[in-house]
Amino acid sequence: MIDKRRTQRDLPKINERIRFPEIRVIDSDGSQLGIISPEEALNTAQEQELDLVLVSETAKPPVCRIMDYGKYKFEQEKKAREAKKKQHTADVKEVKMRYKIDEHDYQVRVNQAKRFLKSGDKVKATITFRGREIQHANLAQELLSRMATDLKELAEIQQAPKREGRNMMMLMSPKKELK
């Protein structure tokens, strides 16, 4: 019994499902037909071979429109798909290196980070230590600070350089004015 009621509630309010004593009706061409009973409005819609769709339930009296519901539903889904397509989720891209990195290799990493930041993604710069290299954490800290200054016009530091086990990492996000 409960499932039946729940499915009734989830269904869109069209045609016979509109249960109000009187409704304001808008015709398919946009003209107002006035305040009439749902039965009259449904008859008018059926004469035009269209559906009676509840547009605003909270208005006094509720507003219904005569339209092709299938076409309307398709248009709504199409708009939702377009909106979803246009939105960009900020991913976290990682740039890995060692603290003993050569100058050219460092510039390659900086250029990668610039490209990621320009496309609106966050950048996680990671320096990995092997063996006894972990004693030189200060050199890694300097390298990450240098990277931060090289990217300061594109990025803001979201998380300062910090050590996590055998890695030292820093998180940068694109500046707001870029977007």
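In this predicted model, four strands build an open sheet. Their order is β5-β6-β8-β7, and the pairing is mixed. β5 and β7 form the edges, each pairing on one side only. From one strand to the next, the twist averages 20 degrees.

β6 and β8 run antiparallel and are joined by six bridges. Ala-125 has Met-170 of β8 as its bridge partner. Thr-126 stands opposite Met-169, also in β8. On the other pairing, β7 and β8 are antiparallel as well, over seven bridges. Here Gln-159 faces Leu-171 of β8 as its opposite residue. β7 and β8 make a hairpin with two residues between the strands. In that hairpin, Gly-165 adopts a positive phi near 65 degrees. β8 itself is mostly covered, with seven of its eight residues buried. In a regular strand, side chains alternate between the two faces of the sheet.

α4 packs on it and touches β5, β6, β7 and β8. The direction of α4 makes about 175 degrees with that of β5. α5 lies across β5, β6, β7 and β8. Relative to β8, α5 runs at about 10 degrees.

α4 covers residues 103–118, a run of 16 residues. From first C-alpha to last, α4 reaches 23 Å. This is close to the 22 Å expected at 1.5 Å a residue. Its buried residues are Tyr-106, Val-110, Ala-113, Phe-116 and Leu-117. Seen down the axis of α4, these buried residues fall within an arc of 120 degrees, so they line one face of the helix. The face turned away from this buried side carries His-104, Arg-115 and Lys-118, which are exposed. The cover over the buried residues of α4 draws on both strands and a helix. It includes β5 (92–97), β6 (122–128), β7 (155–164) and β8 (167–174). α5 (137–150) also contributes to this cover.

The chain then leaves the helix through a loop. Gly-120 sits in that loop, between α4 and β6. Just after α4, Gly-120 takes a positive phi of about 90 degrees. Is Gly-120 buried or exposed? Its relative accessibility is 13%, so Gly-120 counts as buried, the cut-off being under 20%. Which residues does Gly-120 touch, leaving aside those up to four places away in sequence? They are His-88, Ala-90 and Pro-174. Lys-176 lies 56 residues from Gly-120 in sequence. In space, the C-alpha atoms of Gly-120 and Lys-176 are 9.6 Å apart.

An annotation from the sequence record can be set beside these elements. In an unreviewed entry, UniProt lists residues 91–175 as "domain: Translation initiation factor 3 C-terminal". Over residues 91–175, the chain is 35% helix and 36% strand. The end C-alpha atoms of residues 91–175 are 15 Å apart.

Key: Residues are numbered from 1 along each chain as its sequence is written. This is a predicted model: local features need pLDDT of at least 70, side-chain atom pairs count only at pLDDT 80 or more; totals for chains, interfaces and linings use all residues. Side-chain values use heavy atoms; hydrogens and water are left out. The expected span of a helix is 1.5 Å times one less than its number of residues. Buried means under 20% relative accessible area, exposed over 50%, partly exposed in between (1.4 Å probe, protein chains only). The arc is that of the directions from the helix axis to the C-beta atoms. Contact means heavy atoms within 4.5 Å. Two strands pair if DSSP finds at least two bridges between them. Axes are lines fitted to C-alpha atoms, for helices over the stretch in contact, and angles run from 0 to 180 degrees between N-to-C directions. UniProt positions are given in the numbering used here, feature names are shortened, and annotations may be inferred rather than shown by experiment.
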